[in-house]
Amino acid sequence: MAEFSPEEKQILSSVLPNIAEAMRLPLNNLHMAVQRLAAPELQGTAESAIMQQSYYRMLRMVSNLTMGPELLSDAPFETQNLELVVWLDELCRQADSIARETGIKVEFICRERYIVTAVHRTYLERLVWNLLSNALKFTPAPGCITVMLEVKGKQVLLSVKDTGPGIPPEYLETVFDRWAQSRRLDDLSRGIGLGLPICRRVAEGHGGRLLLESREGQGTLVTVALI
């Protein structure tokens, strides 16, 4: 588990969850209002894509804020058996329906018909959406995001690969602590930096680990190894 200052612990344990709770109801109300007011002729347009992506991006931000206290823990998660192939395929289909409006394709690859393993379903779903969201943010159209699921030995490997620009070498060592660093205001459009730390915590909470590979101009590959 990472080391945190008293101020960071206070932010993660109470400030961020309180902000998330304050945002949740207005966000839901805004989404319902937009759905009711959206004209039929806007369906499938760039405007519709912007509205949808903005809503889901804010929703994931709220979910990440609620996960702040988990970053202070290294306790294993309570898990239950879940069949991952159908479950992950459905998540990818949902993501693909959103991504295609911006010219990006999401595909799912798995050679196995069934893969059953013990997971915390809610936390693993947040991990998947965070990885997909990151890939969508950094992949220009026309691009492709590939989600892969496979079994190697005693491990289940879940990978997300994009065709984005990749991460510069000088940033690779700090991608997991960007949330705690002071940044320029114009960099906030990339997010608040909680996504990857949460993904790593979810992987470790399952007794696994998260690996990140990236080269400039060759995209990024994130692999979650679950035991």
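How many residues line the second largest pocket, and which lie nearest its centre? To find out, select Gln53, Arg57, Arg60, Leu136 and Lys137, which lie nearest the centre of a lining made up of 19 residues. The model is predicted, with local features needing pLDDT of at least 70 and side-chain atom pairs counting only at pLDDT 80 or more, while totals for chains, interfaces and linings use all residues. Residues are numbered from 1 along each chain as its sequence is written, and side-chain values use heavy atoms, leaving out hydrogens and water.

A pocket here is an open set of points on a 1 Å grid over the protein atoms alone, where a 1.4 Å probe fits, with protein on both sides within 12 Å along at least five of seven lines, and its lining residues have an atom within 4 Å of a point.

Move on to α4, where the buried residues (under 20% relative accessible area, 1.4 Å probe, protein chains only) include Tyr123, Trp129 and Leu136.

Finally, select Thr117 in strand β3 (residues 116-119), which is buried with a relative accessible area of 10%. Leaving aside residues up to four places away in sequence, Thr117 touches Gln80, Asn81, Leu82, Leu84, Val156 and Ile227, a contact being heavy atoms within 4.5 Å.

Note on methods
Buried < 20%, exposed > 50% of the residue type's maximum accessible area, 1.4 Å probe, protein only. Helix = DSSP H or I, 4+ residues; strand = E, 2+ residues; numbered from the N terminus.
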